[in-house]
Amino acid sequence: MSRPAAPKADSGVRSTEDSQVIKERIARRVAQELKDGDRVNLGIGLPTLVAAFVPRDIDVYFHSENGIVGMSPLPGEGFEDRNLTDAGGRPVGALPGACAFDSALSFGLIRGGHLDVTVLGGLQVDELGQLANWMVPGRRVPGMGGAMDLVTGARRVIVAMTHRSPEGSKIVRRCTLPITGTRRVDLVVTDLAVIRPMQGKLLLVETAEGVSVEDVIAATDARLEIDPALLRESRSDRHPTRA
Amino acid sequence: MKKRSVTPAEAVDRIAAEGARVMIGGFMGVGSPHRLIDELVRQQRRKLTLICNDTARPGVGVGRLVDAGLVAKLITSHIGTHPAVQRALLEGRIEVELVPQGTLAERIRAGAFGLGGVLTPTGVGTLAAEGKRTLVLAHGEFLVEMPLRADVALVAARRADYHGNLEYALTARNFNPLMAMAAELTMAEAEDIVPVGSIPPDAVVTPGMVVSLLVSRGREA
């Protein structure tokens, strides 16, 4: 860490930037993680944006916990079916080959390890890779919905969230908010970085375009280990992105 | 085998005026028995214990029961889309038991299928584990979750025949088939009631034998 400290403007949430742009950047990066044939559940909020950025050359099947695999965006106006919605109750479409089922089966798919990937929003992720995303005690208690099952049962859990909130870093040493599960999540994608929780540590594997390793460290409360490959690239001033 | 078809008013007449334990199908109001919900509000069934996936939105689905102040206790997975429930909870005016959605489904299924409970890894080590037994077995750590049953289940279906066989539509299925089997009295509100034999046996999801009452459209009665 011999480089001078990064300019302050780069160290936190860039408030001047439209938050939708930030969210889309995160969603675009998450979409790169999806593989052909993946069965994927997208959580509410930011994660739903991921669907729009799935690479064109792969087929991904979206599961929605209200009971469908093969959900697609609504094909257009006039195609709404009040009995075909996403988990937020919004009208969606269904691909040929889609199937519908009850809630027990829907969560059997989740909990039983039949889902390849889930993308969840986050309030905090800690050094153990634990996610907190379902309540802020005394302030906001929406309930866990399907999040606890998803974090427990999906083969791969990707957290998509902004790196910081107005209160500070969302990557923390230990979650202060109630956790969603004890399972270590597989990847955290923020507007500043991509972090891979490993046994007992958080590995910084990627920084966003125009963001340095030091920027990420400055914006993060948790201890980060730096992927050696990233350090090499960082020293030569190339900021790797996969956009 | 033939089931009587009754009006929503007659159906809700069968529910206790106060303190009924009621399961209502639906997910964000999709696949909810809206005519029965309207009637619960009209007949002011009070101090309900309501078991449902979520509280939908103000004015939508079971959200209407909360709007009307009829719910004393909620057993549900999500209340985040109904601000009045949030407020009532934070102010202690309503009792809310938050249950992970998959656990809610399995607890109802356990109640429906005569099981003594279920073991689930979901919620281990979280607030959802509070007050529950945890079993450490060779294949993992599990919460012991108790079955859920109700006095009355109000379910919605796409089609019912006059034996009470039910067929569902897409994501409107959700909790309905589970709840239909988990109550002393099950009332089914279908979009259409069709002649016996119209629903092919393979398409029947809920066997008519568990359905007590078919709810007609008001004008058909």
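Here is a short tour from a helix in chain A to a sheet in chain B.

This is a predicted model, in which local features need pLDDT of at least 70, side-chain atom pairs count only at pLDDT 80 or more, and totals for chains, interfaces and linings use all residues. Residues are numbered from 1 along each chain as its sequence is written, while chains are lettered from A and ligands numbered from 1 in the order in which they are written.

Start with chain A, which has five helices and 15 strands (DSSP runs numbered from the N terminus: H or I of at least four residues for helices, E of at least two for strands). Of its 243 residues, 47% are buried (20 or more other C-beta atoms within 10 Å of a residue's own, with C-beta atoms placed from the backbone).

Now select residues 103-111 of chain A, helix H2. Seven of its nine residues are buried, among them A:Phe107, A:Leu109 and A:Ile110. Show the surroundings too: the buried residues pack against S1, S2 and H3 of chain A, and also against H5, S6 and H6 of chain B.

Next, move to chain B and colour the open, antiparallel sheet, ordered S6-S8-S7 (strands pair if DSSP finds at least two bridges between them). S6 and S7 (134-137) are the edge strands of this chain B sheet, each pairing on one side only. Zoom in on S7(B) and S8(B) (140-145), which are joined by four bridges; here B:Val136 stands opposite B:Glu141.

Notes: Buried ≥ 20, exposed ≤ 12 C-beta atoms within 10 Å, placed from the backbone. Contact = placed C-beta atoms within 7 Å.
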